[in-house]
Amino acid sequence: MDLWRLVEEAVEPLDLEVLEVKEAPGEVLVRLERKDERPISVADLERASRAIEAVLDRVDPIPGSYRLLVESPGPKRPLFTRRHFERFQGLKAKVPGPEGFTGRILRVEEDEVVFQVGQEEKRLRIGTFRANLAEWPEEPR
């Protein structure tokens with residue numbers, strides 16, 4: 001069964017959005033944010049951890065023992081939805097990969113994100129890439 005879907009199922013009733021699920025030997029890392037876009041609290045993370053743990057214990061998708069880590073997105077928060085890019089417009093994001101770059105998020109047009117990279121604009125279709133925030137806003141967004 002898809003681990004991402006299981007985590008989403010667990011945190012949906014808590015009004016939390018899954019930003020990242022990474023599985024490594026002996027460890028599962030989950031990064032979450034609040035759907036209302038307010039800063040996530042330790043209490044939110046504790047509730048999410050209990051809910052995720054209950055679903056994973058019930059379904060048992062991971063053989064052997066592991067450690068579950070539930071975190072806020074932190075300064076390198078993943079960006080992959082239209083709303084993520086709209087929310088952090090004006091800030092720099094890093095797009096990894098062989099043709100990766102770091103650029104300022106200028107705007108979202110239709111199904112594309114427009115970045116300022118040096119003197120040029122670069123467009124990428126939403127859903128075909130993931131980025132990480134490369135600078136943090138002064139005020140929470």
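In helix 1 (residues 3–11), the buried residues are Leu3, Leu6, Val7, Ala10 and Val11; buried means under 20% relative accessible area with a 1.4 Å probe, protein chains only. They lie on the same side of helix 1 because they span an arc of only 125 degrees around the axis, taken from the directions from the helix axis to the C-beta atoms. The model is predicted: local features need pLDDT of at least 70, side-chain atom pairs need pLDDT 80 or more, and totals for chains, interfaces and linings use all residues. Residues are numbered from 1 along each chain as its sequence is written, and side-chain values use heavy atoms, without hydrogens and water.

**Helix and strands**
- Helices (H or I, at least four residues) and strands (E, at least two) are DSSP runs, numbered from the N terminus.
- Strand 1 (16–24), strand 2 (27–34) and helix 2 (42–59) are among the elements that cover the buried residues of helix 1, with contact meaning heavy atoms within 4.5 Å.
- Strand 1 and strand 2 pair in the antiparallel sense over eight bridges, where pairing requires at least two DSSP bridges.
- Two residues separate these strands in a hairpin, and Gly26 in the turn has a positive phi of about 75 degrees.

**Aromatic pairs**
- The whole structure holds five aromatic pairs, defined by ring centres within 6.5 Å (Phe, Tyr and the six-membered ring of Trp); planes under 30 degrees apart are stacked, over 60 edge-to-face and the rest tilted.
- Phe85 and Phe129 form a tilted pair, because their centres are 5.4 Å apart and their planes at 40 degrees.
- Phe85, Phe101, Phe115 and Phe129 form one aromatic cluster.

Conventions. Buried < 20%, exposed > 50% of the residue type's maximum accessible area, 1.4 Å probe, protein only.
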